[in-house]
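Work through each one yourself before you read its solution.

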Amino acid sequence: MRPETLGAALRRLAAAFGRYPVPSRSVAAVVSGLLIFGSFPPRPFWFLAPIGLVVLTLTVRGAARLRGGFGYGFLAGLGFFVPLLPWTGIYVGPVPWLALSTVCALYIGLFGLSARLLFSLPGWPVWVASAWTATEWLRSSFPFGGFPWGRLAFGQADGWYLSLAAVGGAPLIGFAVTLTATAAAALLVYLWIHVAVASTDDPSAAGTGRTSATTRVGIIAAAATLVIIPIIGVVLRTALPAPGEGDRTITVAAIQGSVPRLGLDFNAQRRAVLDNHVRRTEELARAIAQGTARKPDVVIWPENSSDIDPLRNADAAAEITEASEQIGAPILVGAVLVNGDRTTTNSVIVWNGAAGPGERHDKKIIQPFGEYLPMRGFFRLFSDYADRAGYFVPGHGDGTVRADNVDIGVATCYEVAFDRAFRDSMHAGAQLLTVPTNNATFGDSEMTYQQLAMSRVRAVEHGRALVVAATSGVSAIITADGTVQQQTPEFVPAALVAQLPLRSDTTIATRFGAIPELVSVILCAAAVVVAVIRRRNARGKLANDQATMDQPVG
C-alpha cells in the first residue's frame, strides 16, 4: 500500500474516532480486554495478549484526560476478567463473580490512569510496561492478601516468553509482554504522525512529519525492542533444563480418584472421595505386582482427598495406611485437619505406611471467601452462601515436606497463583515441586486449565519438575522446561507414573526472588512522581503565559 493510500485510510479511521471518540474508544478498550482473555488457557493463542495490550495502549493514549485513561482501563479490565472468572460463581450465583471481576478491573483502570500520565515521559514504552508490573503486584497483594489470578504471565505457558520465568518469574514475563506491546504502539504512533499527517494536503501540517534525531532514536529503540524481546525468550528456551537433567531420578505417582459429584457439596460424601483415592492407589499397586507399571518412590494424592481427618478418625487412618503399604511407598495425603480450637487447616501429610503420619504442610495462603470469610457479618447481607465459607487458618511452615529422603515443595491449589508460594520451599532445599488441588468445586470450567498453566510457569521459574494431583482433573506431570509430559482427562479415576529428576541447582529467578519486581515497582512510582511534577510545571507555565497575554498593552 502506497503511503498516500495508507495515509488516507488512517485519516478515515481517525475521522470515525473523532466523530464518536468516547464510544469508539470504549469499544476498543473492551476489545483489548477480550483479546487478553483470548490468550488464556485452554486456548493456545498466547500472542493475543500483546495485541490486546497494543489496542489498550493506543486507546488510553488517546484519552483526553487522566480520568479517561482510568475509564478505558476499567472497561478493558471488565472485558478481560468477566469472561475469565465465571468459575467463581458457578455454584454461588453471579454476584460474587461480577463483584470480583469489577474489583480486578479497577486495577486495570489504575494502569490506564498511570499510563495516560506516563506517556508524557521520554521512553514511555518502558514506563508504561513497568506500570503494568506495578498494578499486577498491587492486585496480587491487596486486599485480603491479593488475587493474582489472571496475571499476564499465566496466559503465556505455550508462548515465546515462558523461558523468561527462569530469570524473573511471572513478573518478568508480564513486563516483557507489555513492553513488546508498548514498543509496537510507539511504532504505530510514529506511523500515524509521519504517514497520516505527512500525506495530508493541509499546508498547515507541512513539516510535521519530518523526523528529528530524537524521534529517529525512539523509532530505532522501539523497533529493536519489538524484535529483541521475543527473540530473547526463544533463545533462552534452549538454556532451560532438559526433561531428564538432574542429580538423580525418582519415580513419582499422582493419583486422581475423582469425586461422586461436582459442586460445593461434593465432599458431603467424604468417605466416597477417600475410598476413590484408596481404590485407585490399590489398582496401581496391583498393576505393579503384575509388572505393568513402575513402582513409585512417592505417591501424591490431591487436596481434599481425605476430608475426614485421619489424625482423629481411626477408619480413615487405617484406609490410608493400607493403601500406603500396598503401594510400598509414602503417600502425600491432602487432608482437612481439625485443630484443638475447632479451626481447620488444609494440610498435606506424608503418610509412611504402618509408621503413619510424618511431616506435613499446612496451606499458608488460604482463599478468602472460600476457605475463610473476612468480614463475615457484612458479606452475609449479600449472599446466603457466606455461611458456607470455611473457618480455615493459615499454616506457618517452610512449604516443604520430606518423603523417601526427598524434599518436596508443596503449593496447595490456590497457593500456586502466588509468587511467594514456592520461594520458602526452594530456600529450604526442595528438589521436586507438587501442586495438590481440588478442582471439583469449580465443575467443568476453564479454571483447571488456567491453574495448570500457572504450574507450568512455576516449573520453569524454579527449574524443577512439578506434579499436579487433582481430585477430578486435570492431573499432570510437568518437566522443568514447562512441558506437560503427561496429563489426565477430567472426571475419571486415573494414575500418572513418571521418572522425574531431582535437582539442587537454582535459577536466577529463585535466587533473586521478589527483588526485580520490587525494583520495577519503585521505578514506576518514581516515574509517576516525575510525570506529575512535569504536568504541574507545564500547567503553571501555561497559566503564567496566559496571564502575560491578558496583560493590557502600554
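**Exercise 1. Aromatic rings**

Then find how the ring planes of Phe147 and Trp149 are arranged.

*Solution.* Before starting, note that this is a predicted model, in which local features need pLDDT of at least 70 and side-chain atom pairs count only at pLDDT 80 or more, while totals for chains, interfaces and linings use all residues. Residues are numbered from 1 along each chain as its sequence is written, and side-chain values use heavy atoms, with hydrogens and water left out.

Step 1: begin with burial (buried means under 20% relative accessible area, exposed over 50%, partly exposed in between, with a 1.4 Å probe and protein chains only).

Step 2: recall the ring rule. Rings of Phe, Tyr and Trp (its six-membered ring) pair if their centres lie within 6.5 Å; planes under 30 degrees apart are stacked, over 60 edge-to-face, and the rest tilted. The count by this rule is 14 aromatic pairs.

Step 3: Trp46 and Phe47 have ring centres 5.9 Å apart and planes at 80°, so they are edge-to-face. Trp46 is buried at 12%, whereas Phe47 is partly exposed at 38%.

Step 4: now return to the pair in the task. The ring centres of Phe147 and Trp149 are 6.5 Å apart and their planes lie at 15°, so this pair is stacked.

Step 5: look for a group of rings. Phe45, Trp46, Phe47, Trp160 and Tyr161 are joined into a cluster by ring pairs.

**Exercise 2. Salt bridges**

*Solution.* Step 1: apply the criterion (a side-chain nitrogen of Lys or Arg within 4 Å of a carboxyl oxygen of Asp or Glu). Over the whole structure, 17 salt bridges are found.

Step 1: check the pair named in the task. Glu319 and Arg271 meet through their side chains at 2.6 Å, N to O. Arg271 has 29% relative accessible area, so it is partly exposed.

Step 2: Arg280 is buried at 18%, while Glu283 is partly exposed at 34%.

Step 3: compare with another pair. The side chains of Arg360 and Asp362 form a salt bridge at 2.9 Å, N to O. Arg360 is partly exposed at 37%, and Asp362 is buried at 17%.

Step 4: finish with a network. Salt bridges connect Glu136, Arg151, Asp419, Arg458, Glu461 and Glu517.

**Exercise 3. A sheet**

Work out the order of the strands in the six-stranded open sheet, and find the bridge partner of Ile408 in β8.

*Solution.* Step 1: define the elements and the pairing. Strands (E, at least two residues) and helices (H or I, at least four) are DSSP runs numbered from the N terminus; two strands pair if DSSP finds at least two bridges between them.

Step 1: read off the order, which is β6-β7-β8-β9-β10-β11 with mixed pairing. The edges are β6 (400-403) and β11 (484-487), each pairing on one side only.

Step 2: zoom in. Strands β7 (residues 406-410) and β8 (residues 432-437) are parallel and share three bridges. Within β8, Leu432 is the bridge partner of Ile408.

**Exercise 4. A contact across the chain**

How many residues along the chain separate Pro125 from Gly218, and what is the C-alpha separation?

*Solution.* Step 1: locate Pro125, which sits in helix α6 (residues 124-139). Its relative accessible area is 14%, so Pro125 is buried.

Step 1: compare sequence and space. Pro125 and Gly218 are 93 residues apart along the chain, and their C-alpha atoms are separated by 9.9 Å.
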